[in-house]
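Subject: Structure handover

Hello,

Please find the structure below, with notes on what was found in it.

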Amino acid sequence: MTSPRAIVHVDMDAFYASVEQRDAPELRGQPVIVGGHPTRGVVLAASYEVRPFGVRSAMPMSQAVRLAPRAIVVPPRPRAYAEASEQVFEIFERYTPQVEPLSLDEAFLDVTASRSLFGPPAAIATALRADIAREVKLNASAGIAETKFVAKVASDFAKPNGQHEVPPGTAKAFLHPLSVSRLWGIGAKTLPRLEGLGIRTVGDLAAKSPEWLELNVGSGAAHWWALAQGHDERPVISDREAKSIGAQDTFEEDVLDKASLKPQIHGQAVRVARRLRKSGLKARCVQLSIKYADFTLITRRKTMPTPSDDGQTLYRVAEALLEALPLERRVRLTGVSAQELVSEVPAAQLGLFEAPAGPSRTTRLNEALDRITSKYGSTAVATADLTEAGTADEGDRAMFHKPKRP
Amino acid sequence: MEFRIAADELKKALHRAQGIVERKSTMPILSNVLVSATKAGVSVTAFDLDIGIVSEHPAEVMKPGQVTLSAKYLFDIVQSLPEAQLTVKKLPNNYAEITSGSAHYKIVGMAPEEYPKLPKEESATLVKLSGATLLEMIKKTSFAISTDETRYILNGVFFEPREGGKVRMVATDGHRLCLIERELPGDFKLKGGIVIPRKGLFELKRLLEEAPEAEMSLGFAENSALFKKPGLSMVMRLIDGQFPEYQKVIPKQGERRLLIPRARLFDALKRISLLSAEKSHAVKVSLAENQLRITAQNPDLGEAKDDLDVAYRGGPLTVGFNARYLLDVLGAVEADEIALELGDEHSPGVLHGPGDGTYTAIVMPMRV
């Protein structure tokens, strides 16, 4: 890439826990764990007050409760998080259309072209964090750099409620003292091997040659070497340019029966369709992903006769795909993704073989729903199955997923 | 195998093959041509599993045999040889040697036994026809063929023999439709019509353009079409399925009917559509007494209008059209005047030569 880019990575601080603390004053300043069943569930979020006890998200609840016996455990309220997330993403869009969502609470923003309007990237990060604090009453941290990778590391560095800029040309100086475990894809397996080779910091790895790394570590190592040099050419891909738009959520507890999966899949289809409409896209193809408790992932896809941006249509396809599946094991995660996206024809060319008519009832209904959503939030109108699933009482089994590093 | 041939002859064969061979095929041999030398001469075959042509050429054959070589490289080579003649000789391991004057090539080929066999269409009843008429029919309809692969049946032109030795050809992309009827006497032994695929039709057009007056014949068998002219035969698979009932969408005579100088309308649409939206090419056609106005608006660019004097006495009307659809038709016909019939803003516009019912173009409006 010739001209330097300006990428901002925004990550909400302890997102679910912060939403709970925002909505319930008695939780503020308290150690809060958002999670489900005290023995079988996992930690979905941990407030900053509980982190010194060693509680981390994705940890089994039983372990978390042992580590922090005085922590307040709160059941998750997915709809509240979804709503806060939409508000946050709306703020992002004020500063750039180049927003790549990573999850409900995390996104990359390419603000290269926004600088002439809003000033230097650090000022943009300050402004949008202030907007989030003022309007959504939540804290966000931001990393600013020339590449996605460095921006992401920088936002982690800035947490909580801070921002860190890595100015152009200083990526190496920033990265090299950090632990190699900061590089994407270096996990519990690779780390000891690298340490055995005397590689502890990103700088240690950068000092080797890519050939040496391939030979001694494996074929993925050249990629880490490039990251360690501060090279990461991957563009920020907004929904408008994305090849697919998807939503996926992990269940709070693994689920076996199809009936419990359906409301979650329905909610995902509705969310995906809303994002399609926002980007003026339609999908030719729907893909359903199911991850079993043992982490085996299966995907099934189906092409629709005509491209659609309607949530109910996408759901009916996903539901049919689910019905066709023999579900033998407990399910940990479901995902719905819209694929083979096509942009809508801007002006309405009438067809010879179709009955002449205005926009279909579905289109008009979705337009109305989108207007309500933009004014009152995504929870204002929902189908009955989603209303049931979205409340925080016992019927609530659906839970949003907080993904690991991309 | 070894033969000596005029470079121009081989060039002609390879030119014919270029449109058919697949550049990026899962079967690498399909980017090759099959060169066969027999006592009768040399033939060059190109085949993409749907369309195949065999082009025959005189040559001095020293030793019969076959090779398959890259259609692209062979064409490039034959176009840049120093002499008017060349010698092609098969070497071991499917290599071929090409010699022309001082130039020398040794080219990698593939085993000719692996080249897929073209379907033999001996059952086809071939009908002798006028190439010029068939060419006119293709030229006046093919632009309306759909390129949307999901509307498979519309990716070709409907060929329908009618009573009295006439043949109708219809093409549509669902937004516009072109219909032409011409004398093409002979019994094609068809029940109803068939659909000739776009790619095959364009290859056929190229072959017809080589020499429209030459003797040629066309026939159908099973699910394929066969075309022959001296030194060349072509076979193609037809599109399977039911072509839409096109008669139903042809409107009765429109309420508003006017005659417009064709070139004047063509030029006006062209200059005004410069400002229409890039994708939709939308222009507005407005009728008032003795006047036809074409306008275009684009929020990013501005607006444009052009007025034409026409003999018109009906009420005012504004209809939106894709200018390209109208331009395609106006560019394909030769008449000095074109008749335009309009209903209302949701009804199709109909274009045809004045007093000519044998060529009709129907264009659906746009909501503007």
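A:Gln349 stands opposite B:Met366 in strand E26 of chain B. Strands (E, at least two residues) and helices (H or I, at least four) are DSSP runs numbered from the N terminus, and two strands pair if DSSP finds at least two bridges between them.

Some conventions before the rest. This is a predicted model, in which local features need pLDDT of at least 70 and side-chain atom pairs count only at pLDDT 80 or more, while totals for chains, interfaces and linings use all residues. Residues are numbered from 1 along each chain as its sequence is written, chains are lettered from A and ligands numbered from 1 in the order in which they are written, and side-chain values use heavy atoms, with hydrogens and water left out.

Interface

Chain A brings 13 residues to the contact and chain B brings 21 residues, where contact means heavy atoms within 4.5 Å. About 1,500 Å² is buried between chain A and chain B, and carbon and sulfur atoms give 64% of that area. Buried area here is the accessible area (1.4 Å probe) that two parts lose on being put together, summed over both. Of the area that chain A buries against chain B, 47% comes from A:Gln349, A:Leu352 and A:Phe353, more than from any other three residues. The side of chain A that touches chain B is made up of seven nonpolar, four polar and two charged residues. In this division Ala, Val, Leu, Ile, Met, Phe, Trp, Tyr, Cys and Pro count as nonpolar, Asp, Glu, Lys and Arg as charged, and the others, Gly among them, as polar.

Between chain A and chain B there are zero salt bridges and four residue pairs in polar contact, both residues at pLDDT 80 or more. A salt bridge is a side-chain nitrogen of Lys or Arg within 4 Å of a carboxyl oxygen of Asp or Glu. A polar contact is a pair of N or O atoms within 3.5 Å; within protein, one must be able to donate a hydrogen and the other to accept it, and residues adjacent in sequence count only if both atoms are side-chain atoms.

Strand E10 of chain A (residues 281–292) has nine of its twelve residues buried, so it is largely enclosed by the rest of the structure. Buried means under 20% relative accessible area, exposed over 50%, and partly exposed in between (1.4 Å probe, protein chains only). E10(A) pairs in the antiparallel sense with strand E12 of chain A (residues 331–343) over eleven bridges, and with strand E11 of chain A (residues 297–308) over eight bridges. A:Val286 stands opposite A:Ala338 in E12(A) and opposite A:Lys302 in E11(A). The hairpin of E10(A) and E11(A) has four residues between the strands, and A:Phe295 takes a positive phi near 75° there.

A:Gln339 is found in strand E12 of chain A and is buried, at 13% relative accessible area. The side chain of A:Gln339 makes a polar contact with that of A:Ser337 (3.2 Å). Leaving out residues up to four places away in sequence, A:Gln339 touches several residues, including A:Ala283, A:Cys285 and A:Arg301.

Salt bridges

How many salt bridges does the structure hold over all chains? The count is 43. In one of them, the side chains of A:Glu340 and A:Arg301 meet at 2.6 Å, N to O. This pair links strand E12 of chain A, which holds A:Glu340, to strand E11 of chain A, which holds A:Arg301, 39 residues apart. A:Glu340 is partly exposed at 38%, and A:Arg301 is partly exposed at 44%. Also in chain A, a network of salt bridges links A:Glu20, A:Arg22, A:Asp23 and A:Arg77.

In chain B, B:Glu210 forms a salt bridge with B:Arg16, with 2.7 Å between the closest N and O atoms. B:Glu210 lies in helix H4 of chain B (residues 198–210) and B:Arg16 in helix H1 of chain B (residues 7–18), so the pair ties together parts 194 residues apart in sequence. B:Arg16 counts as buried at 4% relative accessibility, whereas B:Glu210 is partly exposed at 33%.

Chain B overall

Chain B has six helices and 26 strands, and buried residues make up 52% of its 368 residues.

Regards
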